[in-house]
Amino acid sequence: MTYGYRGGYTSGYAPRKGGVSTPTPTPVTTAMIMGQSEMQYLFDVASLYRAIPQPTPGNGNLIVYRQDSTGAAPVKVTVNAASVAAGQVNPAMTAMSAFLAYARPGRQFAVGDGAVPGTSRFDLGDDSTDGSDTRTWADFANVAAAIEADYGTVQNLVECWFNADGSYLNTFKAVFWPLYFGANADGTSFALGGTVNSRRVDHCLWDYSAAAGAKGRGLFSKAATKWWMATPMPFFNAPTSPAAEMLNFSEQPVRMLEPVRANMIALAAEPLAQSVGLTVGPSAHVCRFGGASTIIHPDTSNKDGQVLLMWPLALQLLRASGLTIGEPAIVGIEGPTDGSYADLVVDLPNGGNLTTLAALRGTAYSGTSPHQQPVTGVEVTRSGGTRRPVFKATETSYPANTRGTVAVVDAGSGSPRRGRVRITPSTPFAYGDVLSYLRGQATACLQETRDYNLYPFFLIEHVPGLYDASAMYPFEGVAVRPFQQDVSVPVPAPAFTPRGAYFDGTDSIIASTATVPAGSAGIASFWFKQAGTWTTNRTIFEARVGSTQTIAVTSTTSGRLNFRLNQDGTGTDVFTVPASTFAGDTWYHVLWAWDYAAARFQLYVNGVAINTAAYSFAGSTKFDHAGAVLTQFGFGALVNGTNPWVGDLAHDFIDVTSTLDLSILANRQKFAVGGVPVDLGADGSLPLGSPPEWYQDGVAPAWSNHGTAGNGTVTGTLTASSSTPAY
């Protein structure tokens, strides 16, 4: 359906035989809206939440079922001029009514209030906490029942959560599938009344085992109720005293980072989610959070608070009613190979124009943030460096390689229609540099001191067919999805040259907020040379799941390395090579592969198989990393910065989900031939056909990760190896 569409139901009557006319029932779209305090700001009708002017509503096209307090009966309000004048409608709902009437005339919408401040999904399904928290299953079910009593069924569940449950985004399926489907993550039955993460699950939203049209144990049936998730803004609550965002924004605690949006988007491919038609997006981050009326909630004193937060929910309702509305997203990068600029290519699925609220409105920036740009939120990671916002070219107190300009250069062209955002760096891009958009806290919207004035400079797709110029609060555009991944600038890699980086004992590369899923198999290839006499407790690489040591390579006594591969942090799962395998001031190449399913553990040093101590690898789940998410890693030191490496490291390749059988010579020769490194590809993808999580390479000090796991923070200054890795 195109956005010139303005009709759908042109007459309230349909002819019958004999010339008799009967009313055509008004089509209705029904939905429960679920979230926490942010969503409450869209429903509550206390005076605090009705501070902005009320627009002219649609004439009864929206019915709101409010849940005003725990245990209270639902309050049904038809949104019209009378109910608005009586103070019974939140301005966000009034604006939603007007927008839906404009975009979908002739259709009625009914929405239920499932928003409860300060609570999580656990609180919804756990009856044992009903006396201590304000979210109860009974309240949620009563609102749904009120909608069903009037309209027969709740057709949609629309949700948008912010800080609550943020720590479970990496493991959302494992943690919450029992609540959503009455099933474990593997699709097996979950008995209601059981426990997940120390919380009871007494109810489920859908029953995976019920027939398509039946509710079974659930509140909804799979055939009748579809699932819509509007992803939240790309940040959690900020600590009160972080390092300045311009200097250190990517190293803050995990809650400061983009909340693994890709994991939520991937849920739509899960079979149980598909059974209820899960659609993820659009994002709800273009909104004024904080300001005159609040610290971390939509600003009720500014129209860009509640109204802008409401738009993604209204879009979900339009989608549910039959309109096709896509989420614009960054789909590629283009530019000259000399690095003079790079264009982020943005797909415009709705045929609109790439812009920002500020550009559309013709408003200027009123803050002082040095990273405010005509398009704000683009981040640059120089090879071997740390992620930074792209600062204004005029902000000369910041390094030249982090400064430049960011602006829309193509609002939309071609078929499919796409726009372009151009990043012109003050120092040309080089191979290994990457860009992202709203990946971290480059916006600083929830960081103290907060800048509430950056959101108008985030990207949107303005859709003329959905824009009512006569409205008090017109819908101005669909937010462009934050781009969590790093995309490499189009500067080609130099010719391959064996090379390494020297760690002097104070240098390290550490990440404390990583998100790296692991599997049942893995492989590592690395070259190293320890400086001077062989010394114990020197770290080549370590990765952890929280406080649990999972994968590590460290030096130990008598010319040996320890290879640790375990889930539980105990020291019993360490493989140690024979004494005198290694010596100081000598290059070595190590190949290490493991495969839990095949009960295989292989270790080669300089192309020769090494016998490790006898361990019962087969059947020990300590070696199976399936489902684990590595949250910390370090090169040249443990993740806490201790046990530093002194010497050289080169071409460090680590994949924690795939492997090769190293007993096959051709597989070993993918990493070394004739005692020297071979080209693994610019991103390390040649051995396995896809990039590993880590491929550390480059000319020091720009010795950085070209794999998928991102870069850690560099401490000290790496220098180029004084000799070429070879054996």
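A residue counts as buried here when its relative accessible area is under 20%. By that cut-off, buried residues make up 57% of the 727 residues in this protein. Please keep in mind that what you see is a predicted model.

First, the overall picture. The protein has 12 helices and 45 strands. Take the contacts with a separation of 6 or more: 70% of them involve residues 24 or more positions apart. The exposed surface comes to about 25900 Å², with carbon and sulfur atoms supplying 52% of that area.

Now to one strand, β4, which covers residues 62–66.

β4 has partners. Strand β6, residues 108–115, runs parallel to β4, and 4 bridges join them. In that pairing, Tyr65 stands opposite Gly112. With strand β5, residues 75–78, β4 pairs in the antiparallel sense, again over 4 bridges. There, Val64 stands opposite Val77.

Last, helix α6, residues 172–181. Why call this helix largely enclosed by the rest of the structure? Because 8 of its 10 residues are buried. Those are Phe172, Val175, Phe176, Trp177, Pro178, Leu179, Tyr180 and Phe181. After α6 comes Gly182, with a positive phi near 65°.

Key: Residues numbered from 1 in each chain as written. Predicted model: local features only at pLDDT ≥ 70, side-chain atom pairs only at ≥ 80, totals over all residues. Heavy atoms only, no water. Buried < 20%, exposed > 50% of the residue type's maximum accessible area, 1.4 Å probe, protein only. Helix = DSSP H or I, 4+ residues; strand = E, 2+ residues; numbered from the N terminus. Pairing = 2+ DSSP bridges. Contact = heavy atoms within 4.5 Å. Areas by Shrake-Rupley, 256 points an atom, 1.4 Å probe, with all protein chains shown as cover.
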